[in-house]
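This report goes through a structure with its sequence at hand. Please look at both before reading on.

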Amino acid sequence: MSGVAIARRHRAGSVYPHWFYLPAAVVYGTLFLAPTVASFYFSLTRWTLFDHEFIGLENFAVLFREPALVKGMTNTAVYAVVTSGLKVVLGLPLAVLLTSDVVGRAYLRSVVFFPVLVSTIGVGITFTVLMRPGDGLINDGLAAIGIKGPAWLTDPSYALLSVALVDVWKGVGLATLIYIAGIVSIPREYFEAATVDGAGRFAAFWHVLLPLCRPATVTVVILSLIGGLRSFDLIWTMTRGGPGFTSDVIASVIYKQYQAGFYGLSTAGNVVLFLVVTVVVLPLSLLLGRKQVEL
Amino acid sequence: MRPRGRHVLGGTAILVSAVVFLVPFAFVVLTAFKDRAQAAELDFSWPHQFRFARNLVEVVTARDYTLVIAFANSAILTVASVAVMVVLAAMTAFVLQRRPSRWTRLVDFLVLSGLIIPPAVVPTIRVLQGLGLFRTMTGLILVEVAFGLSFCVLLFRNFLATVPRELDDSAVIDGAGPLRVFFLVVFPLMRSVAVTAVLVQSVVVYNDFTNPLYFLPGDRNVTVQLTLYNFQSQYGTQYNLLFTNILLITVPPLLAFLVANRRIVAGMTAGAVKG
């Protein structure tokens, strides 16, 4: 190694010291990494915080045997797929609309985005009231145009989907803005070239816009899946997992078992959630576009 | 688009957006202005009499000024955790972006993990207990820092790629050590992205419900999100007060939105364009 290289290396080491990692590493390591690693062990125990007893895979057996808990697993999948699907299906056309020269564009962008910033609990309480089966505002409105609305949150077959709809209401603004950022970054020449080649508006959308905003789609899908799989606040506020356990998800099962003092079982739920999120999101982010891993 | 098309489409969109997005907010505001009896009907109607001032006083004074304490707690939590988070993340991103080494891949991996992995609740409580930080504001602040670091590191790292290294070098030639290079030269250059990170994370931490619920239980410790949760049952049928509370809690995000909408959007959509 030449003297210059050594000097440069030495200098690099001193200006960009590794100990700059240390403060962040300590906080992250103690409060995120260590608990995550420990969760794998404690999920195999009967645990009271003072004391723990190794019981093998018993907790997982319970999670996959009790109908109430199994329902939580399937609901989590349904919730994540429905919310992320709807955010793509609604967010993309909204973004196309809001990047055109439509009247009232600035107002529309604001009004769609604002719910992203407000309290989930506040939104949950408000919609719980609006969705009341008998005289809620939503069903009153639907009745006015001749539609008989469902019982939303109190009907076991609609409760989870109703919460998912509110989740979309609150989150579609973010999806839309991600799409807008994606669409705006597409060079205009592509659309001009498509027009010269005789493409109509639909063809331009299908063959130019859609493929070129794939990075945005990847971001929207991954973010919504991560959020949807982990979702807790909104479900807890609106239904507490009810009626019965028909709208429970893994995150609410974790909370309920924690409240009941079954810490081992609760932690096993955490491990399942960890595995589900990793198994779904990691391959997806690798498959759909490597660079998008950097959100 | 044809001039008529943009008006018809725009008009329709404005109408639909008003029904879908504005009516729920209007409902909150109207209910917050009503008296108790009318609010209990839960209708979308004009208040018979405007009781907002009285509702406001009742909500604020309820349960020995719990809401005031909650706002103070939320302010402390948000300011402290976001400040610590941003400085630690900026330091990490600085070395991560500037100095490729055998640590780089590991740090990258951990940053990604932080974005994806759901935190393990009870083990975190156990660790906090071991440190004597469970049920303390300090504990919750550190938890928020740990969970928010990844997002900030990514934001800073992407931005640092656009800050020329020559600036660091010239500072070094002037005899500055790493701390001075970072805090006096590089960090000031990152001001715009730091503001973005602060805004986005403030909204996230302020609106956080789950972590205070788990890690800072107890009536005196309550944050604003938990006041809604607690008052929901306590108020019973006092919907005017419940919605006054919701309205009050919406004020800080509304201010952030009015003042810095563009930056928040920029932070939240960062990365969507790269591909």
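How far apart do the end C-alpha atoms of residues 239-260 of chain B lie, and what share of the span is helix? The end C-alpha atoms lie 32 Å apart, and the span is 100% helix and 0% strand.

## About the model

The model is predicted: local features need pLDDT of at least 70 and side-chain atom pairs count only at pLDDT 80 or more, while totals for chains, interfaces and linings use all residues. Residues are numbered from 1 along each chain as its sequence is written, chains are lettered from A and ligands numbered from 1 in the order in which they are written, and side-chain values use heavy atoms, with hydrogens and water left out.

## Chain A

Chain A has 14 helices and 2 strands. Helices (H or I, at least four residues) and strands (E, at least two) are DSSP runs, numbered from the N terminus. The radius of gyration of chain A is 24 Å, well over the 19 Å that the globule rule gives for 295 residues, so chain A is more spread out than a compact globule. That radius is taken over C-alpha atoms, and the globule rule is 2.2 Å times the number of residues to the power 0.38. Along its principal axes, the C-alpha trace of chain A spans about 80 × 70 × 30 Å.

The loop between α12 (233-238) and α13 (250-259) of chain A holds A:Pro243. The peptide bond from A:Gly242 to A:Pro243 is cis, with omega near -5 degrees. A:Arg240 is also placed in the loop between α12 and α13. Its phi is near 55 degrees, a positive value in a residue other than glycine.

## Chain B

Chain B has 12 helices and 0 strands. The radius of gyration of chain B is 23 Å, well over the 19 Å that the globule rule gives for 275 residues, so chain B is more spread out than a compact globule. Its C-alpha trace spans about 75 × 65 × 35 Å along the principal axes.

## Annotated regions

UniProt positions are given in the numbering used here, feature names are shortened, and annotations may be inferred rather than shown by experiment. In an unreviewed entry, UniProt lists "transmembrane region" for several spans of chain A, including residues 111-131 and 202-226. Residues 111-131 of chain A are 86% helix and 0% strand, with end C-alpha atoms 21 Å apart. The feature "domain: ABC transmembrane type-1" is placed by UniProt (unreviewed entry) at residues 73-284 of chain A. That span is 76% helix and 0% strand, and its end C-alpha atoms lie 20 Å apart.

For chain B, the UniProt record (unreviewed entry) places "transmembrane region" at spans that include residues 137-160 and 239-260. Residues 137-160 of chain B are 100% helix and 0% strand, with end C-alpha atoms 32 Å apart.

## Where the chains meet

How many residues of chain A are in contact with chain B? There are 90, and they touch 99 residues of chain B; contact means heavy atoms within 4.5 Å. Between them the two chains bury about 8,600 Å², 74% of it on carbon and sulfur atoms. Buried area is the accessible area (1.4 Å probe) that two parts lose on being put together, summed over both. Helix α2 (residues 22-42) of chain A gives the most to the side of chain A that touches chain B, with 12 residues.

Between chain A and chain B there are 0 salt bridges, a salt bridge being a side-chain nitrogen of Lys or Arg within 4 Å of a carboxyl oxygen of Asp or Glu.
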